[in-house]
Amino acid sequence: MKSWELVIFDWDGTLADSVSSIVLAMQQAAAAIQAPVPSAIEVREIIGLGLPEAINQLFPGLPEARYPDLRAAYAESYIAQHARIPLFPGVVEMLEALRQQGVRMAVATGKSRLGLDRALNASGMAEFFHATRCADEGPGKPEPDMTHYLLSQLDVAAGNAVLVGDTAHDLEMARRAGLAAVGVGWGAHDVPRLQAYNPLLVASTVAELHECLVGNPGSRLP
């Protein structure tokens, strides 16, 4: 597999082991405002979307006037868990190997700017990323705007970049943007769902993703 000038990572479920925390926070938020509590499967389906889109999909009968209450309850529950949300084992070593090869890295996430900054600071990972884009800064996934922004900011052609994500929303965004994509099988959506988008690979472990992205240092793009 070719080496890349830029790797764009999703955050939740791809680098951070946060899916179960998102599910619990959304369920607790629904209960707190006395809305129907969604199943874990239903919450996993919306991971990667911006919060307004997620609320609309999970709670179609909820009046928009109640959205702020749900958002506040979700944030309170998620932040209460935040210190316990780890990166997947092997992620730091993979990012360090990419950095040593001179590969630039970015994040495209359904998190808000405040949420991503909090996660980057808590994990100590901010230094690895040359640019980031969040759902509250423009159209979210699966629209291609996040990737267009990152490519423009870093002056990288789409053909020299790859997107890595754990959801159909990520892989559809890559397809719409004309980017190669790699799925990861340890996040919110299952492997058959990801394979339907014909990614270059659906990695089953971080070690496999590491090998896919880092490759042979001698074959790196000039």
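**Entry 1: the strand inside**

By buried I mean under 20% relative accessible area, with exposed over 50% and partly exposed in between, using a 1.4 Å probe and protein chains only. Helices (H or I, at least four residues) and strands (E, at least two) are DSSP runs, numbered from the N terminus. I note that this is a predicted model, in which local features need pLDDT of at least 70 and side-chain atom pairs count only at pLDDT 80 or more, while totals for chains, interfaces and linings use all residues. Residues are numbered from 1 along each chain as its sequence is written, and side-chain values use heavy atoms, with hydrogens and water left out.

**Entry 2**

I traced an open sheet of six strands in the order E3-E2-E1-E4-E5-E6, with parallel pairing; two strands pair if DSSP finds at least two bridges between them. Strand E3 (131–134) and strand E6 (201–203) stand at the edges with a single partner strand each, so one side of each lacks a neighbour in the sheet.

Strand E1 (residues 6–9) runs parallel to E4 and is joined to E4 by four bridges, and I found Val-162 as the bridge partner of Val-7. Four bridges also join E4 to the parallel strand E5 (residues 180–184), where Val-182 is the bridge partner of Val-164. Between E4 and E5 the chain passes through helix H8 (residues 168–177) in a right-handed β-α-β crossover, meaning that, with the strands pointing away from the viewer, the path from the first strand over the helix to the second runs clockwise.

**Entry 3: two helices**

I next took helix H3 (residues 51–58) and H4, whose axes come within 11 Å and cross at roughly 110 degrees. The axes are lines fitted to C-alpha atoms, for helices over the stretch in contact, and angles run from 0 to 180 degrees between N-to-C directions. In this contact (heavy atoms within 4.5 Å), Leu-51, Pro-52, Ile-55 and Asn-56 of H3 meet Tyr-67, Leu-70, Arg-71 and Tyr-74 of H4.

**Entry 4: a loop histidine**

Is His-82 buried or exposed? I found His-82 buried, at a relative accessible area of 11%, in the loop between helix H4 (67–81) and helix H5 (91–100).
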